[in-house]
Amino acid sequence: MSIRAVVWDVDDTLFDYTAADRAGMRGHLLAEGLLDGYDSVEQALVRWRRVTDAQWARFSAGEATFQGQRRDRVRVFLGTELTDAEADEWFERYIGHYEAAWALFPDVLPALDALAASHRHAVLSNSSLTVQDRKLRVLGVHDRFETILCAAELGVSKPEAGAFHAACAALDLAPHQVAYVGDHPEIDGRGAADAGLLSVWIDRDGAYTSDDGPGGPRRIASLAELPAILGADTRFGAPSTFR
């Protein structure tokens with residue numbers, strides 16, 4: 001049976017989270033006067049990324065709440081005991097710099113336009129609905145999606161099959177009728193494939209050297225390749241750059 005819907009990841013798939021996070025934290029650290037303890041801005045950014053990844057993993061594993069992992073990111077990064085209110089205030093100041101750098105990847109709108117008439121669209125993110133709903137509105141693509149599902153509200157996160165199946169259920173489609181597009185090879189790529197969806201893993205930087213093999217995610221370098229994979233009647237598609 002043909003693919004009838006595409007479910008999308010948000011951060012680093014539609015939205016250039018990595019670039020926005022780096023730009024936002026650079027501006028925040030400068031404004032807060034926190035660079036004196038580092039040899040370079042890059043060193044500080046690497047530490048922030050490591051702390052973020054570690055605390056996000058705790059949230060994904062159900063060991064922390066969404067707001068809790070934010071507060072712990074601040075405490076660990078600063079190495080300081082802060083009240084919840086103090087941690088929230090610090091993070092909100094960072095958010096101001098981060099949001100100023102928000103942008104879609106250049107290939108997103110052309111891909112959504114090319115698939116608008118042929119496929120239904122939804123979002124499944126490991127973040128929270130409050131965050132992603134607003135983000136998609138600010139970026140101007142909220143109305144492109146029938147439904148937006150997030151781990152914080154679902155109570156289950158990718159790569160668990162239940163998260164992907166919840167998205168399929170929201171669309172009233174079977175997993176084999178749905179494609180999932182995401183940037184992480186395990187959380188998105190392998191998770192969606194194991195859940196029975198057509199898994200499309202976007203690896204824009206070509207950072208990984210091995211393919212997953214038969215039955216695994218389809219690997220692409222640009223969303224320009226997606227319509228061809230889905231069999232959409234469009235001239236937008238391009239052949240894959242990965243072999």
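A: One term to begin with: a crossover is right-handed if, with the strands pointing away from the viewer, the path from the first strand over the helix to the second runs clockwise. Helices (H or I, at least four residues) and strands (E, at least two) are DSSP runs, numbered from the N terminus. This is a predicted model, where local features need pLDDT of at least 70, side-chain atom pairs count only at pLDDT 80 or more, and totals for chains, interfaces and linings use all residues. Residues are numbered from 1 along each chain as its sequence is written, and side-chain values use heavy atoms, with hydrogens and water left out.

Q: Ok, which elements make the right-handed β-α-β unit?
A: Strand β4, helix α9 (residues 185-194) and strand β5 make that unit.

Q: How many bridges join β4 to β5?
A: There are 4, and the two strands run parallel; two strands pair if DSSP finds at least two bridges between them. Y180 stands opposite S199 in β5.

Q: And which residue is the bridge partner of V200 in β6?
A: That is R218. Strands β5 and β6 (residues 218-220) are joined by 3 bridges and run parallel.

Q: Is β5 mostly covered or open?
A: Mostly covered: 4 of the 5 residues in β5 (residues 198-202) are buried. Buried means under 20% relative accessible area, exposed over 50%, and partly exposed in between (1.4 Å probe, protein chains only).

Q: New topic. Which residues touch the most other members of the largest nonpolar core?
A: W8, F15, Y94, Y98, L136, F145 and L223 do, in a core of 47 residues. Such a core is a set of buried Ala, Val, Leu, Ile, Met, Phe, Trp, Tyr and Cys residues joined through side-chain atoms within 4.5 Å. Helix α4 (residues 84-99) gives the largest share of this core, 6 residues. Apart from it lies another core of 16 residues, including F164 and C168.

Q: Which residues lie nearest the centre of the largest pocket?
A: D11, D12, Y17, R49 and D183, out of 42 lining residues. A pocket is an open set of points on a 1 Å grid over the protein atoms alone, where a 1.4 Å probe fits, with protein on both sides within 12 Å along at least five of seven lines; lining residues have an atom within 4 Å of a point.

Q: Last one: is D143 buried or exposed?
A: Exposed, with a relative accessible area of 75%. D143 is found in the loop between α6 and β3.
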